[in-house]
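Try each one before you read its solution.

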Amino acid sequence: MTTASTTNGKGRKAPTIFDVAERAGVSHQTVSRVINGDPTVRDHFRSRVTTAIGDLGYRPRAAARALAGGRSKALGLVTAGDALYGPSSTAIGFERAARTAGYHVLLSTLPDDPRPADLSGALVSLLAQDVAAVVLVAADNRVLDALASLTVPVTVPVVVSNAMQGDAIPAASRAEQLLPSVAAVAIDQVVGTTLAMRHLFDRGHRRIVHISGPSVSQESEVRRTTYTRLMHEAGLEPVVLDGDWTPASGFAAGRMIDATAVDAVFCGNDQMALGVLHAFADDGLRVPDDIAVLGFDDIPEAAHFTPPLTTVRQDFMAMGERVLASVRSLVEGRPLDDTLIQPQLVVRRSA
């Protein structure tokens, strides 16, 4: 058996899996396990292999054949692995749209606290399976930071969803040599927050508390910043309580709110609004007579809260469809639709 590199058709030697193994100081079987996403590979070995792949510009043979012989009908999907309504609904919408269009989707999940090596490993695994493009469903700043710190070249288009374009593209551009084709698809969080706040202002509410999502969430930070700006513009004092998207965090924040000093609560998502409604019910408060509550997302259960929840609707299925449209535009060289998807205010009885 020879470990010599093969030519790439242009007279240059193309690196092989054996070259990667030699550079990383591991066996070629270990390189193969990393490429195929084997979770049992130790982190330090995975990191050495992905670094070697990046240094050498290695591309698995199957993927190289796909590039030479025609367009792949496989698409990679990388998610943060959580069960949050927005990202999971976006992923489902994307998969359904892709399947309808004749593509099949290969899934890779990241750990809760992803590092650059985790994302690089996921991308290597997907590229080895001949994907035509990769979709990254995450508005988590840690994932975007990992995208900007790639250690492997990604020679297929990448579309980032659930991220505001103004932030995702500059972050990715720092890795532009390794990530030459990237786009973002997002719902306009500034418009959504403005719809919520104007609704409360129009009903005479002035003492408005915001319960925000976690600081690692890009969407949460945009909503917090927009709420604060609108309160200041109205000559009002913003009050922000921290949550983590869960009903339990909303319940805890709700127990901290003095209803005699607050008119309304603008929650960063519907699950936290559910916890707030629970806390107010336990305290004998009537919503909206004593205090108004407004959410964000319009999860399917929101219409059945007690009382039914006024909220901002994000069309995550439309987001998934737009993601696929962006993927196809990049793959086929057509113009991108880079406009933000518009949310809608859904008025029910809680506000």
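**Exercise 1.** In which helix is the place of serine 249, and is serine 249 buried or exposed?

*Solution.* Start with the location: serine 249 sits in helix 11, residues 247-256 (helices are DSSP runs of H or I, at least four residues, numbered from the N terminus). Next, look at accessibility: serine 249 has 12% relative accessibility, so it counts as buried (buried is under 20% relative accessible area, exposed over 50%, partly exposed in between, with a 1.4 Å probe and protein chains only). Finally, leaving out residues up to four places away in sequence, serine 249 touches Gly243, Asp244 and Met272 (contact means heavy atoms within 4.5 Å).

A word on the ground rules: this is a predicted model, where local features need pLDDT of at least 70, side-chain atom pairs count only at pLDDT 80 or more, and totals for chains, interfaces and linings use all residues. Residues are numbered from 1 along each chain as its sequence is written, and side-chain values use heavy atoms, with hydrogens and water left out.

**Exercise 2.** What pLDDT does the protein chain average?

*Solution.* The average is 85, and 86% of the residues score at least 70 (pLDDT is the predictor's confidence in each residue, from 0 to 100). Now check residues 1-11: their pLDDT is below 50, and the stretch has 19 contacts in the model beyond near neighbours in sequence. Residues 63-69 are also below 50, with five such contacts.

Notes. Helices (H or I, at least four residues) and strands (E, at least two) are DSSP runs, numbered from the N terminus.
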